[in-house]
2 protein chains.
Amino acid sequence: MWDVAEELKAMLVFAEHRYYGESLPFGEDSFKDSQNLNFLTSEQALADFAELIKHLKKTIPGAENQPVIAIGGSYGGMLAAWFRMKYPHLVVGALAASAPIWQFEDLVPCGLFMKIVTEDFRKSNSNCSESIRRSWAAIDRLASTSSGLRGLSQMLRLCSPLTSEDIERLKDWITETWVNLAMVDYPYESNFLQPLPAWPIKVVCQFLNNPDVSDSLMLENIFQALNVYYNYSGQVKCLNMSEIATSSLGSQGWSYQACTEMVMPFCSNGVDDMFEPQQWNLKKFSDDCFSQWHVRPRPSWITTMYGGKNISSHTNIVFSNGDLDPWSGGGVTKDISDTLVAVIIPQGAHHLDLRANNAYDPKALLLARSLEVKYMKQWIRDFYKPSRRRH
Amino acid sequence: MWDVAEELKAMLVFAEHRYYGESLPFGEDSFKDSQNLNFLTSEQALADFAELIKHLKKTIPGAENQPVIAIGGSYGGMLAAWFRMKYPHLVVGALAASAPIWQFEDLVPCGLFMKIVTEDFRKSNSNCSESIRRSWAAIDRLASTSSGLRGLSQMLRLCSPLTSEDIERLKDWITETWVNLAMVDYPYESNFLQPLPAWPIKVVCQFLNNPDVSDSLMLENIFQALNVYYNYSGQVKCLNMSEIATSSLGSQGWSYQACTEMVMPFCSNGVDDMFEPQQWNLKKFSDDCFSQWHVRPRPSWITTMYGGKNISSHTNIVFSNGDLDPWSGGGVTKDISDTLVAVIIPQGAHHLDLRANNAYDPKALLLARSLEVKYMKQWIRDFYKPSRRRH
């Protein structure tokens, strides 16, 4: 964005979503009272952006008659796309990077996400995904005896020893690690969710190249793999299961949003993917939401509000997706019209295109970025065309 | 709508706006607590319509894949237009009859509304508007003595005698009567705000054909004119100033909406119109809102939310306006694009086109209605075109 802003002589504005970062409408109490959470919705976020744009246009000399482009990645990419849909008078277009606007209801199969994660590991080395697939049963076998449980804690160098009640949480934590690795499988050293080497899945999979090993060796290998993710710096003495990889991205706010509007069905079957079979269970999800936040989700609302797959009457949105990114499964990966276009980035992970220029950027990425800039320039040209000025 | 529905083999659904009619979300307490009023917004109304359409499509056999058209008049016309703008995936188009979507901020001159009212009376007879223009000073002169005040109450056959504190309210009440007459100046007997004869302004102006009369005679004439509006049936014994002509349309709900989102600036200058000069005073308006509802208006919000004059990226909305209707001043009376079109109804009052067919319908009205139907049929045809099915 910094590079393109310079090219387009644009001002960059990073708007912080309310309830994230420092934007806490009720200060420290923002998450304490469910009444205080009523303003944590995507609609409110879009309205905030609308007010912000109008405020900036009014107060910054020369800004008033300038075109604005919405840009975002992931949830921010959904917001960028939705903002263009709902406030087309305020932005001439939107770049929605890795925006899974169809990861709702039954718009895409609930298993697609985990299938793409698996694919990423399999492509690195088919023994790798197979090792992970077999690891779950190995964990169960070890956890079935108290000595096995002790061994498991030691093999994984866990900071606190496991009890048998921890096993589901352990598996969830490992699962989340593989998912996160798929999201951040970038072609160079990076530090988005964690400090990581270039192509981290390739590094991880070096330790998971043989599925036909004893349970103990399997778990030793799993440890080596996890250690790439949690201890690339080499400073960590033990692995901490309560470390949630994405905490810095505001998991509290997202948990509430997932329990109200942003209901994303996920599932796995262990056949098309390397995970334990798990159905999407809306009832259980809803009950968990109720016990955590005293709210119940509205799984259809996002589709009602933002149109689901019926969005062809909108214009000027670029949906970009990396084909390694599990979120691409819920993204727009085919052109919908001349002005609602999909940009696919081969070998791309989660919103790779929004990252700074890098010497190791693959050619396909450079191509995708230049395509995105081409569309932005077109939107700006159309804005200045006398016939349709300032729509 | 009944006639056109039959022609299009359509189902008619009348959705009641929450907080109006019987749709009171907190029962009798809906207007008692300002917390209870938080759901009285145009955005909430649109969301309700979206939920309703999805519900009907899901529950009515055969409805699921049918195109839907939004239709409304006045505020309902604004909602119809806004619904197509915000939920284009749920309706293929909208007929927005007499929808003053630009009666906000400074999108149109605040005096235009009263100028059109005046024009309606002047066109009937220029002595008529001039009589009304001079009546205000006549009222003031009479009200300045206690015998004059008594006379005034008698001349106007008021149910309760006036005190000098009532004079502003009296003038407001008379003003509202002229405004309402301009809105309902229909070509045949009707009963929208009140039972009225055909072309009521013509009838009223028969009594106001000489502006050069004594104050007493002037007020006798004003009474005869008011009596047309309040006593067409001939049953009324005295005129009641506290009778608000539009109460049945839910003035309580509208008052709250006008004090929050729907801030419509009105003014008069006594030169371009026949009313006493009155500037638009946002501060006073806001203070009145605060004392009545404990809220303060957000005069820019509607423009921020719905785009003001920058709506050309939307499609498939017909804006119809009668040229007699004072609300046409804030309406869309010129085509914005091929698919955002204006239909003007010469000699038409407030949403005349939505009224039932009548033997006295002017030719221009029949033409306007057939144009509206032509557009609706086009939207339906486009919906069934295989290339853009179900956007």
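Reader: How many residue pairs are in polar contact across the interface of chain A and chain B?

Author: This is a predicted model, and side-chain atom pairs count only at pLDDT 80 or more. A polar contact needs a pair of N or O atoms within 3.5 Å. Across the interface of chain A and chain B, with both residues at pLDDT 80 or more, the number of residue pairs that pass is 7.

Reader: Which element gives the largest share of the side of chain A that touches chain B?

Author: The elements of chain A that give two or more residues to this side are α2 (42-59), α3 (75-86) and α12 (301-306). By class, the side has 9 nonpolar, 11 polar and 7 charged residues. The largest share is 5 residues, and it comes from α12(A).

Reader: How many salt bridges are counted between chain A and chain B?

Author: A salt bridge needs a side-chain nitrogen of Lys or Arg within 4 Å of a carboxyl oxygen of Asp or Glu. Over all chains the structure holds 34 of them. Between chain A and chain B the count is 0.

Reader: What is the area buried between chain A and chain B?

Author: The contact involves 27 residues of chain A and 27 residues of chain B. In chain A, the residues that lose the most area to chain B are A:His89, A:Thr304 and A:Asn310, together 26% of what that side buries. Carbon and sulfur atoms give 49% of the buried area, which is about 2,100 Å².

Reader: How many residues apart in sequence are the parts that A:Asp212 and A:Arg134 tie together?

Author: The side chains of A:Asp212 and A:Arg134 form a salt bridge, at 2.6 Å from N to O. A:Asp212 sits in the loop between α8 (200-205) and α9 (215-230) of chain A, while A:Arg134 belongs to helix α5 (residues 126-143) of chain A, so the parts joined by the pair are apart in sequence by 78 residues.

Reader: In the open sheet of chain B, which are the edge strands?

Author: The sheet has 4 strands in the order β1-β2-β5-β6, with parallel pairing. From one strand to the next the twist averages 15°. An edge strand here pairs on one side only, and in chain B these are β1 (69-73) and β6 (340-345).

Reader: Which residue in β5(B) is the bridge partner of B:Leu95?

Author: In chain B, strand β2 (residues 93-97) pairs with strand β5 (residues 317-322) in the parallel sense, over 4 bridges. For B:Leu95, the bridge partner in β5(B) is B:Val318.

Definitions and conventions
Residues numbered from 1 in each chain as written. Chains lettered and ligands numbered in written order. Predicted model: local features only at pLDDT ≥ 70, side-chain atom pairs only at ≥ 80, totals over all residues. Heavy atoms only, no water. Pairing = 2+ DSSP bridges. Axes fitted to C-alpha atoms, helices over the stretch in contact; angles between N-to-C directions. Contact = heavy atoms within 4.5 Å. Buried area = accessible area lost by both parts, 1.4 Å probe. Polar contact = N/O pair within 3.5 Å; in protein donor to acceptor, adjacent residues only side chain to side chain. Nonpolar A, V, L, I, M, F, W, Y, C, P; charged D, E, K, R; others polar.
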